[in-house]
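Here are my notes on the model you sent. Please read them with the structure open.

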Amino acid sequence: MFIRCAFFEGKVKPGCEYAFAAFVKDRLVPLWTQFPGAGEVRVLRQQDSDTEQPHYAMVLAISYPSQAAIDEALKSEVRAKSRAETAELVKMFEGRIFHTVFEAAHDVTLS
């Protein structure tokens, strides 16, 4: 399994926290769940850290069965739509956004 993450390194602009969260939930999550080949979609918001920097306002993690599936998703029309929506979201954000692909090396389920 491969997981493509978008790291929103920085902070939501003061006073925009609610609007930012609502925008992600209402406008972006519905698009992200339509990416071709996407398995699980997780939106993570940093609540605590053992270090002050870096701070991540949000991390998006989408799982795919292969790198080829990620490549197809990145070429999709729905991704183009999500990029246009994200351009609106970043008006409420101060920082940088970057993407990283991870390969799941070991999966362990605890009961």
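1. Start with the kink in α1. The helix bends by about 35 degrees, centred on Lys25; the bend is the angle between axes fitted to the seven residues ending at a residue and the seven starting there. Helices here are DSSP runs (H or I, at least four residues) and strands are E runs of at least two, numbered from the N terminus.

2. A word on the basis. This is a predicted model: local features need pLDDT of at least 70, side-chain atom pairs count only at pLDDT 80 or more, and totals for chains, interfaces and linings use all residues. Residues are numbered from 1 along each chain as its sequence is written, and side-chain values use heavy atoms, with hydrogens and water left out.

3. Which residues of α1 are buried? They are Phe20, Phe23, Val24, Leu28, Leu31 and Trp32. Buried means under 20% relative accessible area, with a 1.4 Å probe and protein chains only. These residues pack against β1, β2 (41-44), β3, α3 and β4 (93-103).

4. Now the largest nonpolar core. It has 23 residues, and Phe20, Trp32 and Leu89 touch the most other members. Two or more residues each come from β1 (2-12), α1 (17-32), β3 (56-64), α2 (67-74) and α3 (77-89). The most come from α1, which gives six. Such a core is a set of buried Ala, Val, Leu, Ile, Met, Phe, Trp, Tyr and Cys residues joined through side-chain atoms within 4.5 Å.

5. Look at Met58 in strand β3. Met58 counts as buried because its relative accessibility is 0%. Beyond four places in sequence, its contacts (heavy atoms within 4.5 Å) include Phe8, Phe20, Val24, Trp32 and Leu89. Met58 and Val24 are 34 residues apart along the chain, yet their C-alpha atoms are separated by 9.9 Å.

6. Check Glu9 in strand β1 too. Its side chain makes a polar contact of 2.9 Å with that of Arg96. That term means a pair of N or O atoms within 3.5 Å; within protein, one must be able to donate a hydrogen and the other to accept it, and residues adjacent in sequence count only if both atoms are side-chain atoms. Beyond four places in sequence, Glu9 also touches Pro54, His55 and Tyr56, among others.

7. Last, the whole chain. It has three helices and four strands, in the order β-α-β-β-α-α-β. Of its 111 residues, 32% count as buried. Residues 24 or more positions apart supply 80% of the contacts with a separation of 6 or more.

Key
Buried < 20%, exposed > 50% of the residue type's maximum accessible area, 1.4 Å probe, protein only.
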